[in-house]
Amino acid sequence: MAAELITTMVADKPVVIFSKSACGMSHSIKTLIRGFGANPTVYELDQIPNGLQIERELVELGCQPTVPAIFIGQKFIGGASKIMSLQVRNELVPMLRRARAIWV
């Protein structure tokens with residue numbers, strides 16, 4: 001059920017970040033992505049009713065730690081280290097463009 005829920009939550013959204021409000025790394029990733037002009041949909045797992053269930057499903061997807069979990073173009077990309085790796089290799093911005101999260 002949670003897998004279907006995650007699929008529904010990321011559908012038709014260029015960038016989705018599953019986060020926790022007190023997570024410093026989640027804050028850094030949100031700031032990085034917003035810095036390119038993207039407006040990600042953010043779900044704070046500690047502030048939504050089914051957050052624990054979604055967090056368990058994120059573990060099944062391979063998120064370790066579970067947050068931040070980033071989806072770009074409805075595809076699970078990974079966590080903070082994956083996003084930072086893409087950024088260092090200059091691959092994050094083109095990925096955001098392909099997902100139509102940014103246009104410049």
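A residue here is called buried when its relative accessible area is under 20%, exposed when over 50%, and partly exposed in between, using a 1.4 Å probe and protein chains only. This is a predicted model, in which local features need pLDDT of at least 70 and side-chain atom pairs count only at pLDDT 80 or more, while totals for chains, interfaces and linings use all residues. Residues are numbered from 1 along each chain as its sequence is written, and side-chain values use heavy atoms, leaving out hydrogens and water.

**View 1. Lys 30, a buried lysine in helix α2.** Lys 30 belongs to helix α2; helices (H or I, at least four residues) and strands (E, at least two) are DSSP runs, numbered from the N terminus. With a relative accessible area of 8%, Lys 30 is buried. What does Lys 30 touch, leaving aside its neighbours within four places in sequence? Its contacts (heavy atoms within 4.5 Å) are Ile 17, Ser 19, Val 42 and Glu 44.

**View 2. Lys 30 and its partner Glu 44.** Side chains of opposite charge can pair when their charged atoms come close. Glu 44 and Lys 30 form a salt bridge, with their closest N and O atoms 2.7 Å apart; the term asks for a side-chain nitrogen of Lys or Arg within 4 Å of a carboxyl oxygen of Asp or Glu. Because Glu 44 sits in strand β2 and Lys 30 in helix α2, the pair ties together parts that are 14 residues apart in sequence. Glu 44 is buried too, at 15% relative accessibility.

**View 3. Two further salt bridges.** How many salt bridges does a search of the whole structure find? It finds 3. One of them joins Lys 20 to Glu 55, whose closest N and O atoms are 3.0 Å apart. This pair links distant parts of the chain, for Lys 20 is in the loop between β1 and α2 and Glu 55 is in helix α3, 35 residues apart. Lys 20 is partly exposed at 26%, whereas Glu 55 counts as buried at 15%. Arg 89 also pairs with Glu 91, their closest N and O atoms being 2.9 Å apart. Arg 89 is partly exposed, with a relative accessible area of 41%, and so is Glu 91, at 33%.

View 4. Four strands make an open, mixed sheet in the order β2-β1-β3-β4; two strands pair if DSSP finds at least two bridges between them. At the edges are β2 (41–44) and β4 (75–78), each pairing on one side only. Strand β1 (residues 15–19) runs parallel to β2 over 4 bridges, and Phe 18 stands opposite Tyr 43 in β2. Helix α3 (residues 51–61) packs on the sheet, touching β1, β3 (69–72) and β4, and its direction makes about 75 degrees with that of β3. Angles run from 0 to 180 degrees between N-to-C directions, and axes are lines fitted to C-alpha atoms, for helices over the stretch in contact. Helix α4 (residues 80–88) lies across β3 and β4, at about 85 degrees to β4.

**View 5. Helix α2 against helix α4.** Helix α2 (residues 24–35) packs with α4 at an angle of about 35 degrees, the axes being 10 Å apart. Which residues meet in α2 and α4? Met 25, Ile 29 and Leu 32 in α2 meet Ala 80, Ile 83, Met 84 and Gln 87 in α4.
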